Amino acid sequence: MKEEEEEGDSSLQQASALIDALISSSYSVPSFAGKWQSIREKLGKLNSGLSPVDTSSKGIPELDILLQSLIATVNQTQLLSDDCSNESYRGGKLRLRSDLDMIIAKLNLHIKHLDEIYASGILTRSRAIILSKPGAAATREDMRLYAKDLFSRLRIGGLELRVRALAELNDILSVDEKYVKIVATEVDDGISILITLLELVDLGIQEEALEAVLMIAGFESYRGNLAICGIIGPLVRLLESGSELGKLRAGKILQRMTHNSDNSWSVSGQGGVNTLLKICSSVNSSKELVVLACGILRNISVVVEIKRFMVDEGAISVFANLVSSKEEAIQIQAIEFLAYLAYEDEAIKQKLIRERVIESLVHVLDPNSSYSSKTREVVLRAIESCCFSSTNVVNILMSSGYVNKLLFFLRNGEISIQESALKATSKLSGVSEEARRVMGDLGFMPELVKLLDTKSFEVREMAAESLCNLISIQKNRKKFVQEDHNVSKILQLLNPEEEKPVATKKLLLSALLALTESNSCRRKIVASGYIKNVEKLAENDVFEAKKIMKKLSTNRFRSILNGIWST
């Protein structure tokens, strides 16, 4: 037995030495470069598979047969290498090409045989040290061989060897993008091996394999490779049964993968919608995981059929509950998602009404509630984007105190939330006559006049548009004219010599034109010291200004105008 072990040990050392020598000498072979590249890769894979063999494994008949056969193949290959180097082709190039193809086929059989031996469990591995990674000046070929060596260890190694190989793999993937490309496109079955590791019961292996996949998924060009190899199913399963870290990494990968709607179908087909909704509704889910689940659901809901399915599965209730979460990030995700679901979808808006989601959103705007300014700003944008097109929803907004809260933030809000409130005011006043009446009664117009003086052109325009909408109501015109400075302010802002956006001036002129419907307003206009601004605009052929001057130039007012202008 001792002689058999020594003979086996000698065969192992001989095979390893011959492989090393052949790999080294093959680089100088001038012909059939592609064939020799393939041969080097397969020799490297065999060397990696043999390097961790434990000394106690010597004397195993299956291994001895493999080693003897491998040594014969390597010797035969060395002869072919010599022929190629010396260009002494026995039988010609066609025969040599055929011989090289035969060698490649034999090496594939040896690799398969070695894998089968490991799979049988009769061969054990020593605590082999993972090869040192190539330095900064390494060639791409060195990098490729090193990556393939790591995957050989992942394919046939035991638990400890795999853990160490994964750690080293993640290290190289994180520091050099070239390794990502090598793993994603050049390592045989590289992605498939990582996916296989996700299915193992060891949580540490799962987490490290997920980290590698996450880095690959960071590149859009490789996500298709991941999808083709079947990554979606294992990721969905890990969201349910993985460790907390594993769930987070699986979620991050799925969020990236679902930017492509084709992968959305795969997520839904693997039961992902229900899994993600379960995460969002569970009190045991971490904030980070819920935010990721919301993001994935948002991505896959671009497919109309999937959106309908998730609504049928209770998504509205789930996200309505998340609006009252204590975590700002979850609140914002839930609000934005509900707004997206309801956008231009009357059926879903009716579901929002039935489940009293509109009232929940308005409650967020309550100044006495504990919600952050950022969350309130998101609510204002959400309501503005999806609620004003539905008469039923507008009626609920009006009855739930929404308009009062808009006025509060116009008066007291930070700049960003004030602008969101102004945008909502502008849009709502443009679609609802009842809203225009209520806004006039509550005191919106003085606040809008103040905003006409701000530096932001956008704010000025929205304020002018809102004011123009409100003044279209006769009751509001009377209220507006009661304050002398309101009319004067509009006339003052129409100074042709001051630079203002054309749209803002047109809106102010439209508001002023509406005001001329009232005799008392016309008197105030002609009595104002700024009436000449309108006259100059009329002289410059501004249509609205000419209409205003025409209304003011009736027989009744002509003498008043002449008296004012003469002074």
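User: Which helix gives the most to the lining of the largest cavity?

Analyst: α5 does, with 4 residues. This is a predicted model, so local features need pLDDT of at least 70 and side-chain atom pairs count only at pLDDT 80 or more, while totals for chains, interfaces and linings use all residues. Residues are numbered from 1 along each chain as its sequence is written, and side-chain values use heavy atoms, with hydrogens and water left out.

User: What counts as a cavity, and as lining?

Analyst: On a 1 Å grid over the protein atoms alone, a cavity is a set of points where a 1.4 Å probe fits but cannot get out, and lining residues have an atom within 4 Å of a point. Grid points are joined across faces, edges and corners, and the volume is the space filled by probe spheres set on the points. Helices are DSSP runs (H or I, at least four residues) numbered from the N terminus.

User: How many cavities of 30 Å³ or more by that rule?

Analyst: The count is 2.

User: Which residues line the largest cavity?

Analyst: E41, K42, K45, K148, F151, S152, R155, V187 and D188. The elements giving two or more of the lining residues are α2 (33-50) and α5 (140-156). By class there are 2 nonpolar, 1 polar and 6 charged residues. Here Ala, Val, Leu, Ile, Met, Phe, Trp, Tyr, Cys and Pro count as nonpolar, Asp, Glu, Lys and Arg as charged, and the others, Gly among them, as polar.

User: And what lines the second largest cavity?

Analyst: K45, L46, G49, I111, L114, D115, S152, R155 and I156. At least two residues each come from α2, α4 (92-120) and α5. That lining has 4 nonpolar, 2 polar and 3 charged residues.

User: Switching to the core. Which residues touch the most other members of the largest nonpolar core?

Analyst: L169, F319, I383 and Y402, in a core of 155 residues. A nonpolar core is a set of buried Ala, Val, Leu, Ile, Met, Phe, Trp, Tyr and Cys residues joined through side-chain atoms within 4.5 Å. Buried means under 20% relative accessible area, exposed over 50%, and partly exposed in between (1.4 Å probe, protein chains only). A second, separate core of 31 residues includes I104, L107, I111 and I156.

User: What does L169 touch?

Analyst: Leaving out residues up to four places away in sequence, L169 touches L150, F151, L154, V183, L194 and A212. Contact means heavy atoms within 4.5 Å.

User: Now α12. What span should it have, and what does the model give?

Analyst: Helix α12 (residues 244-257) has 14 residues and should span 20 Å at 1.5 Å a residue; its end C-alpha atoms are 20 Å apart, which agrees. The expected span is 1.5 Å times one less than the number of residues.

User: Which of its residues are buried, and what do they pack against?

Analyst: In α12, the buried residues are G246, K247, L248, R249, A250, G251, I253, L254 and M257. They pack against α9 (203-217), α10 (220-228), α11 (232-241), α13 (261-269) and α15 (287-300).

User: Which residues other than glycine have a positive phi?

Analyst: Among them are D189, with phi near 60 degrees, and D541, with phi near 70 degrees. Most residues other than glycine have a negative phi. D189 is in the loop between α7 (177-185) and α8 (190-198), and D541 in the loop between α32 (531-539) and α33 (543-552).

User: Is D189 buried or exposed?

Analyst: Exposed, at 51% relative accessibility. D541 is exposed too, with a relative accessible area of 54%.

User: Last one, E384. Buried or exposed?

Analyst: E384 is buried, with a relative accessible area of 10%. E384 lies in helix α21 and touches K423, A424 and K427, not counting residues up to four places away in sequence.

Note on methods:
On a 1 Å grid over the protein atoms alone, a cavity is a set of points where a 1.4 Å probe fits but cannot get out, and a pocket is an open set with protein on both sides within 12 Å along at least five of seven lines; lining residues have an atom within 4 Å of a point.
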